[in-house]
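Visitor: Hi, I'm new to this one. Can you show me the structure and walk me through it?

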Amino acid sequence: MRRGKGASGGEAAAINLFAMGYSSRYHAASLAAVFLALAIGILIGVGFGDNVLSNTKKDLEASLTGDLEAARSRSDQLAAQINRSDDFEHRVYPVLVRGKLRGQRIGVLALGGLPDDLSRGIEDALQPTGGHLVAVGVVSEPPDLGSLAGALSETRLSDLETNSDTVEALGKGVGRQFVIGGTLLDRVSSRLLSRASGDLGGLDSVIVVRQQPSDLDPQAKTATSRLESGLLDGIVATGATAVGVERSETDPSSISFFSSHDLSTVDDLDLVSGQMAMVYALLGADGNFGVKDTADRLLPDLLSPSPSVSGG
């Protein structure tokens, strides 16, 4: 009978219940396996990650240590090269400039101040050249216009306190007489110069340095700048060789100011190359020499014939 060949209702229900039980157990076992695998994976991952991080850290430390040692070695090599270069320059410099300025009477005019390191640099540069540093003048800044006007009360320069053109005219007169000498300089030097030594006048060439105070009010700055401009124009008008110098770290730089008044310039007197450039500028080399953006080149042409020197 058809009924006899099929499962009874009870059997079917039992099969369904078994199937459901198997399925539940299967899913439960599957979930358990998933969680177990996840737990094992986490444990393995943690252990593996620790090893990776540890190995990576060790590799990084080794790499950085190697880089540091290589950098130190390279630094030592460069320092040795610089020392050899400095030694070479200091040995060669006296040979290259020996006697180049023989007989020249040289003056230093300092606008505002003459730093010790710059003064030493000038003296060191001149020592083997045969040139004679015979005069140093340091201009007080800002100028005491009241005192100067009093000293010049009976001259055309008496309106210094009210006329900036007169301040510049005074500068031109003093700059000229700093080179050739004269009564105007004698009259105002004690009021205009904070320091004066040697024989002012009778100079073949002038080295100019500048250290203008940074805290000047507008009126004082105008008077100071007009006086400085006059001084440089007066020096240049005599036909004497004039060069403006500073050190490579000087900031703000005065090179553009010097150049605007037709002075040759050297911006790195602290370097041997700067000292040599100054010597050749004093011989008549024209240009802006040094290492700053304002420089035309590092050095003048050292093979050019030296201009004749007028000094005895």
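Visitor: Let's start with E168. Which helix is E168 found in?

Guide: E168 sits in helix 5, residues 164–180. Helices here are DSSP runs of H or I with at least four residues, strands are runs of E with at least two, and both are numbered from the N terminus. Before we go on: this is a predicted model, where local features need pLDDT of at least 70 and side-chain atom pairs count only at pLDDT 80 or more, while totals for chains, interfaces and linings use all residues. Residues are numbered from 1 along each chain as its sequence is written, and side-chain values use heavy atoms, with hydrogens and water left out.

Visitor: Got it. Is E168 buried or exposed?

Guide: E168 is buried, with a relative accessible area of 16%. Buried means under 20% relative accessible area, exposed means over 50%, and partly exposed is in between (1.4 Å probe, protein chains only).

Visitor: And what does E168 touch?

Guide: Not counting residues up to four places away in sequence, E168 touches R226, S229, G230 and D233. Contact here means heavy atoms within 4.5 Å.

Visitor: Where is the place of D233?

Guide: D233 belongs to helix 7. D233 is partly exposed, at a relative accessible area of 27%. Leaving aside neighbours within four places in sequence, D233 is in contact with E168, K172 and H261.

Visitor: How many Å separate the C-alpha atoms of D233 and R176?

Guide: That separation is 8.1 Å, and D233 and R176 are 57 residues apart along the chain.

Visitor: New topic: helix 6. Which residues of helix 6 are buried?

Guide: In helix 6, residues 183–192, the buried ones are L184, L185, V188 and L192. They are on the same side of helix 6, because they cover an arc of only 95° around the axis. That arc is taken from the directions from the helix axis to the C-beta atoms.

Visitor: What's on the face turned away from that buried side?

Guide: There you'll find the exposed residues T183, D186 and S190.

Visitor: And what do the buried residues of helix 6 pack against?

Guide: They pack against strand 2, helix 4 (145–151), helix 5, strand 3 (193–198) and helix 7.

Visitor: Which strands is strand 1 joined to by bridges?

Guide: Strand 1 runs parallel to strand 2 (residues 132–139), with 7 bridges joining them. The chain gets from strand 1 to strand 2 through helix 3 (residues 116–126), in a right-handed β-α-β crossover. Right-handed means that, with the strands pointing away from the viewer, the path from the first strand over the helix to the second runs clockwise. Strand 1 also runs parallel to strand 4, joined by 6 bridges. Two strands pair if DSSP finds at least two bridges between them.

Visitor: What stands opposite A110?

Guide: In strand 2, the bridge partner of A110 is V138, and in strand 4, A110 stands opposite V209.

Visitor: Last one: how does strand 5 pair?

Guide: Strand 4 (residues 205–210) pairs with strand 5 in the parallel sense over 4 bridges, and I207 stands opposite V243 there.
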